[in-house]
Amino acid sequence: MIRYYVRTFAGNKQTRLQNQTIMAQSPEFNRFRMDVYDIVAQIPTGHVLTYGCIARLAGWPRHARLVGRALKHAPKNLGLPCHRVVNSQGRTAPGWAEQIGLLRLEGVAFRQNGLIDLSASLWH
């Protein structure tokens with residue numbers, strides 16, 4: 001069912017908003033979201049995971065963007081280390097300058113180009 005909703009996000013803004021509401025209420029999406037939260041909560045200090053890795057671990061490969069959406073709307077009281085999630089190239093989230101500082105404080109390795117050194121910091 002999630003795959004159907006993801007495919008229907010194309011279209012005008014009103015259609016996308018309606019589809020997002022339907023998907024957010026889906027029991028399948030709620031299970032996916034809880035799996036994402038469980039995985040992110042386990043990422044140890046000094047390591048990172050990519051959105052794609054989390055999607056695969058949750059059983060939904062090719063749904064990296066859905067991981068991002070789930071984390072964007074994660075309840076603050078869960079205390080998830082969302083700053084430890086990066087994209088597949090090692091880039092941090094755009095518009096979240098604090099993420100780099102948090103990762104540096106934890107000892108995450110960065111390359112000279114400013115990307116995270118995934119070979120050194122990716123959690124396996």
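These questions and answers go through some labels used for this predicted model.

Q: What makes up the protein chain in terms of helices and strands?
A: The protein chain has seven helices and two strands. Read from the N terminus, the order of elements is α-α-α-β-α-α-β-α-α.

Q: Why does Cys53 count as buried?
A: Buried means under 20% relative accessible area. Cys53 has 17% relative accessibility, so Cys53 counts as buried.

Q: Why does Cys82 count as buried?
A: The cut-off is again 20%. Cys82 is at 19% relative accessibility and therefore counts as buried. Across the protein chain, buried residues make up 38% of the 124 residues.

Q: How many disulfides are counted?
A: The count is zero. A disulfide needs a pair of cysteine sulfur atoms within 2.5 Å.

Q: How many aromatic pairs does a search of the whole structure find?
A: The search finds two aromatic pairs.

Q: Why is the pair of Phe32 and Trp60 called edge-to-face?
A: A pair of aromatic rings is described by the distance of the centres and the angle of the planes. Ring centres must lie within 6.5 Å to pair, and planes over 60 degrees apart count as edge-to-face. The centres of the Phe32 and Trp60 rings are 6.4 Å apart and the planes stand at 85°, so the pair is edge-to-face.

Q: What parts does the pair of Phe32 and Trp60 tie together?
A: Phe32 is in helix H3 (residues 27-41), while Trp60 is in the loop between helix H4 (51-57) and helix H5 (64-72), so the pair ties together parts that are 28 residues apart in sequence. Phe32 and Trp60 are both buried. Together with Phe29, they form one aromatic cluster.

Q: How do you know that Arg104 lies over the face of Phe110?
A: The distance limit for a charge over a ring is 6 Å from the ring centre, and the charge must also be within 35 degrees of the ring normal. Arg104 lies over the face of Phe110, at 4.2 Å from the ring centre.

Q: Which residues touch the most other members of the largest nonpolar core?
A: This core has 29 residues, and those touching the most other members are Phe32, Val36, Val40, Ile54, Leu71 and Ile116. At least two residues each come from H3, H4, H5 and strand S2 (85-86). H3 gives the most, with six residues. In soluble globular proteins, nonpolar side chains tend to be buried together.

Q: What does Leu71 touch, not counting residues up to four places away in sequence?
A: Leu71 touches Val36, Tyr37, Val40, Tyr51, Leu80, Cys82 and Val85.

How values were computed
Residues are numbered from 1 along each chain as its sequence is written. This is a predicted model: local features need pLDDT of at least 70, side-chain atom pairs count only at pLDDT 80 or more; totals for chains, interfaces and linings use all residues. Side-chain values use heavy atoms; hydrogens and water are left out. Helices (H or I, at least four residues) and strands (E, at least two) are DSSP runs, numbered from the N terminus. Buried means under 20% relative accessible area, exposed over 50%, partly exposed in between (1.4 Å probe, protein chains only). Rings of Phe, Tyr and Trp (its six-membered ring) pair if their centres lie within 6.5 Å; planes under 30 degrees apart count as stacked, over 60 as edge-to-face and the rest as tilted. A nonpolar core is a set of buried Ala, Val, Leu, Ile, Met, Phe, Trp, Tyr and Cys residues joined through side-chain atoms within 4.5 Å. Contact means heavy atoms within 4.5 Å.
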